[in-house]
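Let's walk through a structure together, one topic at a time. Have a look at it first, then read on.

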Amino acid sequence: MNKLWAACPSSDLCAASFEEASLYYYRPTGETHLLNAFPREIVDLVTKQPLTSGTIAKQLADLCDEENSEAWQQKIKEVLSDLKMLGLVIETYP
Amino acid sequence: MKLSDISLKELSIKAKKEGIRFKTGPFPVRLKTDIPTLIETFRSMYGQTLLLGDHEISQFHISITQKPGLLRRWLKPQAIFSIDGIKPFEPYPLSHAFPLFEWGLNWCIGTTAHNNLMLHSAVVEKNGIGLILPAMPGSGKSTLCAGLTNRGWRLLSDEFGIIRHSDGQLLPIPRAVPLKNNSIDIIRRYAPKAILGPIYEGTRKGDVSHMAPPPNSLENQEQTVTPKIIVFPKYQNGAKTHLTPLTKSAAFTRLTNNAFNYQITMEKGFQSMARLIESSQCYNLISGDLDEAVMTLQELSEQK
C-alpha cells in the first residue's frame, strides 16, 4: 500500500504569505516556520489532496520544468521528511 | 496637573511619602524615592508629563532608595531599585540613580507587559507615518532617533515598538533617549537646543546622557500611530548612506528575533507581526552620517 502525504489539519496552522515566501504558525508547538517557494509548493499540493511522493515529484517536475529523475524524487522525499518534522505534513494511508 | 507645575521641593516630599504617580504610554507607574538628584533629573526630563491622582492604580510600583547604613552614606553611596518589593539588580552608585530608574523601568516593561507585541526598536512619527527602527545595541538607533526627533518627527519611543494586537496600532511610550559616548557630542552639535541631562560616566554602557523627550511627544502620548515603514539602521563609521529594500520574509525573521515577547505572545504575536509586515515597506539603512541618514528617511516618508 502506497504511503500518502497530506497537510496537517488546517486547525493546527495560521499562515501568512508574502511574495517570495510563506510563514506558518504551528499551533501545537507555538513555532513559526518560514518556507520558501519550493517547500511551500509541496504544502500547497498536499493541502488539495493526499498524494504519494512519486506523484508530488512528477507534478512538481512538470511545474518547474525539471526532469523527474531519481535525484529529483530523492530531493522531494527529503523535503517531505523535513516538513513532517516541522509538523506541516503528515503521513497517511488510503 | 503636569510634573513641572509642582516645585522641586514639593515633588521631593511627595516622592518620599506617597510616591509620584504618572503614566508613561499605556503604563501607570508609581515612583518612590528619597534621592534628590533623581527627582531633579526626572522633573527636568519629564516636565510635561501629566500626573495621576494619588488613588489611581499603578501597574509598576518602583522604589529607588539610598542604601541604608551610616558608613554607606559616606563611603561609595548606593541606590537600590525595587519593584513590588523585589530587588532585581545589584545596587548602582547613588549618582547613577536616574539611569537606574530608566533601565529599571525598561526592564519592568520588557519582562512583564505582554498584552501587546513589543519590538526592541525606536519609533517616530511624522504626518501620520509611523517609522519603526528596530536594531541591536550599537547600531546607532538612539542617535538616529534623537536626530529625527530634532527634525520634526514625534518621538514615540527610543526603546519599545509597542504594537496593539487588536488593531496593529503603535502605542507611544515617550521616554528620555539615552545617548552613549560619542553620540552625546554628536547630538549636542546636531541639535543645540535639545535638552540633555547630566553625563553619567562609567555606566555598563559607557558614558550616558539622556535627551529629554520633546514636549509634544509627552503631550500626545495617548495618540497612536499606524506603522508604515520599517527601517533596520546600522551605523558604520565613514560609510556612505545607503538605503536598500528588504524582502518581507527577511524583515519578518529579523523582527521576530528582535522582539521582546514574540514567543510569549504566541499566535497573537504571529498575527500582529504578519499584519505589521504586510502593511509596511521594509528597508536596511547603512550610514556613517547622521544628517544624511535623517534626510534619507525624510525623503522616504515623503514618497509615501
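α8(B) passes α9(B) in a right-handed crossing (a crossing is right-handed if the near helix is turned clockwise from the far one by less than a right angle, and left-handed if anticlockwise). Please keep in mind that this is a predicted model, in which local features need pLDDT of at least 70 and side-chain atom pairs count only at pLDDT 80 or more, while totals for chains, interfaces and linings use all residues. Residues are numbered from 1 along each chain as its sequence is written, and chains are lettered from A and ligands numbered from 1 in the order in which they are written.

**More on the helix pair**

- Two packed helices are described by the angle between their axes and the distance between the axes.
- Helix α8 (residues 248–258) of chain B packs against helix α9 (residues 262–278) of chain B at an angle of about 150°, and their axes are 11 Å apart (axes are lines fitted to C-alpha atoms, for helices over the stretch in contact, and angles run from 0 to 180 degrees between N-to-C directions).
- That angle makes α8(B) roughly antiparallel to α9(B) (the word is used for angles over 145 degrees).
- From α8(B), Lys248(B), Ala251(B), Phe252(B), Leu255(B) and Thr256(B) meet Tyr262(B), Met273(B) and Ile277(B) of α9(B) (contact is counted if C-beta atoms, placed from the backbone, lie within 7 Å).
- The residues of this contact of α8(B) with α9(B) divide into six nonpolar, one polar and one charged.

**Two domains**

- Chain B is divided into domain 1 (3–112) and domain 2 (117–302), with bounds from an automatic or database domain assignment.
- Taken over C-alpha atoms, the centres of domain 1 and domain 2 of chain B are separated by 25 Å.
- To their contact, domain 1 of chain B gives 16 residues and domain 2 of chain B gives 22 residues.
- On the side of domain 1 of chain B that touches domain 2 of chain B, the largest share, six residues, comes from α4(B).

**A three-stranded sheet**

- In chain B, three strands form an open sheet in the order β11-β13-β12, and the pairing is antiparallel (two strands pair if DSSP finds at least two bridges between them).
- β11 (177–180) and β12 (196–203) of chain B stand at the edges with a single partner strand each, so one side of each is left without a neighbour in the sheet.
- β12(B) pairs with strand β13 (residues 206–211) of chain B over four bridges.
- Ile199(B) has Ser209(B) in β13(B) as its bridge partner.
- α4(B) packs on the sheet and touches β11, β12 and β13 of chain B.

Conventions
Helices (H or I, at least four residues) and strands (E, at least two) are DSSP runs, numbered from the N terminus. Angles under 35 degrees count as roughly parallel, over 145 as roughly antiparallel, 65 to 115 as roughly perpendicular and the rest as oblique. Two residues are in contact if their C-beta atoms, placed from the backbone, lie within 7 Å. Ala, Val, Leu, Ile, Met, Phe, Trp, Tyr, Cys and Pro count as nonpolar, Asp, Glu, Lys and Arg as charged, and the others, Gly among them, as polar.
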